[in-house]
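Subject: Structure handover

Hello,

I am handing over the structure below, as you will be working with it from here. Please look it over first and then read the notes under it.

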Amino acid sequence: MGVVTPARPTTGTRPARAAERVRNRDGWWAALFLAPQVLGLLAFLVFPLGFAIVLAFMRWDGLGEKSWVGFDNFAAQLTDPEFGTAVWNTVKLALLTVPVGLTLALLVALALNNVRGKTFYRVVYFLPVVTSSVAVAVMWQVILASGDYGVLNSTLHRWFGVTPPDWLDDPGWVIVAIAVVTIWSSLGLNVVIFLAGLQTIPPSLTEAARIDGAGPVRVLRSVTLPMISPTIFFSTVVAVISSFQAFDQIYVLVNPDHNEGARTIVYQVYDLGFQKFEFGMSSAAALILLALTLIVTFVQFAAQKRLVHYDS
Amino acid sequence: MAVIPASPGSRRLASPGPRRLGRIGLHAALAAGGLLMLFPFVWMLLTSFKGAHQMLNTPLDWLPNPWRAQNYPDAFGALPFAQAYWNSFYIAVLNVVLTLFTSAMAAYAFARIRFRGSGLLFGLFLATQMVPQQVTVVPLYLMLAELGWVDSHLALIVPGFVNPFAVFLLRQFIRAVPIELEEAARLDGAGRWTIFWRIVLPNVRPGLGALGIIVFLASWNSFFFPLIFLNSPELATVPLLVSQFAGQHGATDYGLTLAASAISVIPMMIAFLIGQRRILNSMAMSGLGGR
């Protein structure tokens with residue numbers, strides 16, 4: 001604090017009172033600076049969240065009477081096979097996209113880190129990230145189309161003689177198709193982030209390891225990976241959360257109303273809320289998704305204490 | 001810090017032969033991956049020039065025959081694309097302006113003003129990030145319906161400025177501004193607002209630029225909220241319009257649908273290619289949590 005001299009031990013002296021006054025004024029300034037975001041957060045996030053919790057215990061279609069139903073909505077969802085499918089599909093999608101997507105991104109970033117033409121490749125791998133999810137889904141719909149209409153299946157069939165599944169219509173394969181599209185469209189973002197992480201590693205460190213006789217694999221395992229583990233952790237948390245919230249690609253690529261294999265919790269929330277107008281049910285499903293997100297994130301934070309290296 | 005045991009008689013540098021081979025292999029792998037990344041775009045462009053009849057040909061034609069450029073004016077004429085462009089653009093600009101301004105204010109308070117409960121409040125800010133959009137969307141819909149904002153752009157513009165991530169990112173940038181600048185200004189009699197506006201903001205311009213790009217892209221490409229909140233065709237944003245188009249023509253006329261998709265994608269591609277360095281750096285920065 002520039003102008004204010006530090007308060008002396010005895011209160012009541014002039015400088016102490018001045019400091020007090022400045023602190024009070026600071027409180028007002030803080031309130032003023034924080035007001036737009038805090039009020040916005042209260043109005044558009046905290047209040048709706050509370051409202052969602054209340055709705056989850058009610059039956060309401062938005063027009064008729066509201067009635068309290070206790071835990072019925074949760075019980076109904078948790079015992080509904082459709083919701084069970086949705087949970088399983090959500091988990092499957094995360095298990096498919098996160099490990100594969102991040103490993104691929106790490107490999108590409110490691111390769112790019114040692115190669116010329118980094119700028120060019122970064123741009124190429126990043127193009128899908130700036131493309132809207134709707135356009136991405138439309139593009140892939142045509143590639144993955146069934147039989148001879150889709151370029152993927154017709155090529156597989158004619159060049160390799162295999163009869164591939166109907167990626168978008170087969171309930172057993174559609175999550176794989178969605179995972180491929182998701183990985184393709186988010187790869188570049190993770191590559192760019194990992195590349196930036198790799199560049200924060202002081203070259204002297206890897207150099208020292210090499211001089212000490214460490215081979216490339218050893219350098220990777222003992223220096224590079226520990227050094228970027230905070231970045232990997234951060235990206236994993238973000239990737240899991242966004243995989244749990246995936247909606248756009250699924251909605252446009254396959255309509256889960258026609259293919260149960262693509263129904264995720266988020267789609268269930270949308271379906272119940274905006275197609276069936278069961279606001280209470282929809283909120284209950286959404287809160288179960290929130291609980292799942294919190295649990296998984298908490299587990300990740302607990303695990304990171306052992307896996308992530310934070311000393312630079 | 002991992003300790004690397006020093007092995008006596010450490011290996012000499014690998015001979016240039018295998019090293020060069022490795023490098024060529026690396027380039028080949030990266031190029032193959034790059035082709036996979038580009039293929040969907042190439043296929044979109046090729047398909048967008050095909051006529052409806054060509055979709056039925058088996059085996060499938062790789063190249064359009066004949067090249068049917070007419071798909072583009074047809075797609076453009078079938079739906080109010082120009083209007084959608086304007087809608088997406090002005091909504092994104094307003095989102096950027098409102099988000100940057102208000103989150104910079106909050107970030108300044110968290111970074112530079114001491115007040116009781118600062119740490120707790122900041123923690124709560126970050127915690128709200130974990131709440132999925134879909135949890136709050138039903139109540140938000142009901143609220144905005146009450147306000148008469150459903151089927152209006154206000155539903156996308158007003159709630160859109162609340163952005164804890166932006167506050168977090170800008171706080172990191174503001175903390176890096178030398179405190180001496182602020183103290184010097186205070187000695188000259190500048191108040192909090194002047195310091196914020198004249199000293200802090202100009203010094204975090206790179207952070208604002210990076211965040212602005214991220215917010216613009218997110219707004220431009222967002223689909224869930226427009227889908228929920230907008231009904232009138234003249235209010236549609238670009239992604240919403242493309243999805244409606246795909247819903248109507250998708251299965252029947254791939255050429256037309258992909259022309260529409262290409263129309264929606266190409267301007268963003270051009271903007272990205274022009275500003276790629278900045279965009280990529282800002283994405284990297286945000287991914288590292290502003291470190």
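Confidence. Please keep in mind that this is a predicted model. It scores ipTM 0.85 and pTM 0.87. For chain B the average pLDDT is 86, and 91% of its residues score at least 70. Residues 1–14 of chain B are a stretch to treat separately: pLDDT stays under 50 there, and the model has 17 contacts for them beyond four places in sequence.

Chain B as a whole. The C-alpha trace of chain B spans about 75 × 75 × 35 Å along its principal axes. Its radius of gyration is 25 Å, whereas a compact globule of 291 residues would have a value near 19 Å. Of the 291 residues in chain B, 41% count as buried. Among contacts in chain B with a separation of 6 or more, 75% are between residues 24 or more positions apart.

Annotations. UniProt, in an unreviewed entry, lists "transmembrane region" for residues 21–46, 89–111, 120–142, 154–170, 208–230 and 254–275 of chain B. Two of these spans can be set against the model. Residues 89–111 of chain B are 100% helix and 0% strand, with end C-alpha atoms 32 Å apart. Residues 154–170 of chain B are 65% helix and 0% strand, and their end C-alpha atoms lie 25 Å apart. For chain A, an unreviewed UniProt entry gives "domain: ABC transmembrane type-1" over residues 87–300. In the model that stretch of chain A is 77% helix and 0% strand, and its end C-alpha atoms are 19 Å apart.

The contact between the chains. Chain A puts 87 residues into the contact and chain B puts in 79 residues. On the chain B side, helix α1 (residues 16–48) gives the most, with 13 residues. The chain B side divides into 52 nonpolar, 22 polar and five charged residues.

The core. The largest nonpolar core has 169 residues. Those with the most contacts inside it are I178(A), V192(A), A285(A), L289(A), Y108(B) and L170(B). Helix α7 (residues 174–199) of chain A supplies the largest share of this core, 16 residues. As one example, L289(A) touches F244(A), I265(A), V266(A) and V269(A) in chain A, and P132(B), Q134(B) and V135(B) in chain B, leaving aside residues up to four places away in sequence.

One loop residue. L60(B) sits in the loop between α1 and α2 (71–78) of chain B. Is L60(B) buried or partly exposed? L60(B) has 18 C-beta neighbours inside 10 Å, and therefore counts as partly exposed, since a buried residue needs 20 or more. Beyond residues up to four places away in sequence, L60(B) touches D148(A), Y149(A), V151(A) and S154(A). Within chain B, L60(B) and A218(B) are 158 residues apart in sequence and 36 Å apart in space, C-alpha to C-alpha.

That is what I have for the handover.

Regards

Methods: Residues numbered from 1 in each chain as written. Chains lettered and ligands numbered in written order. Predicted model: local features only at pLDDT ≥ 70, side-chain atom pairs only at ≥ 80, totals over all residues. Rg over C-alpha atoms; globule rule 2.2 N^0.38 Å. Buried ≥ 20, exposed ≤ 12 C-beta atoms within 10 Å, placed from the backbone. Contact = placed C-beta atoms within 7 Å. Core = buried A, V, L, I, M, F, W, Y, C linked by C-beta atoms within 7 Å. Helix = DSSP H or I, 4+ residues; strand = E, 2+ residues; numbered from the N terminus. pLDDT = per-residue confidence, 0-100. Nonpolar A, V, L, I, M, F, W, Y, C, P; charged D, E, K, R; others polar. UniProt positions renumbered as here; feature names shortened; annotations may be inferred.
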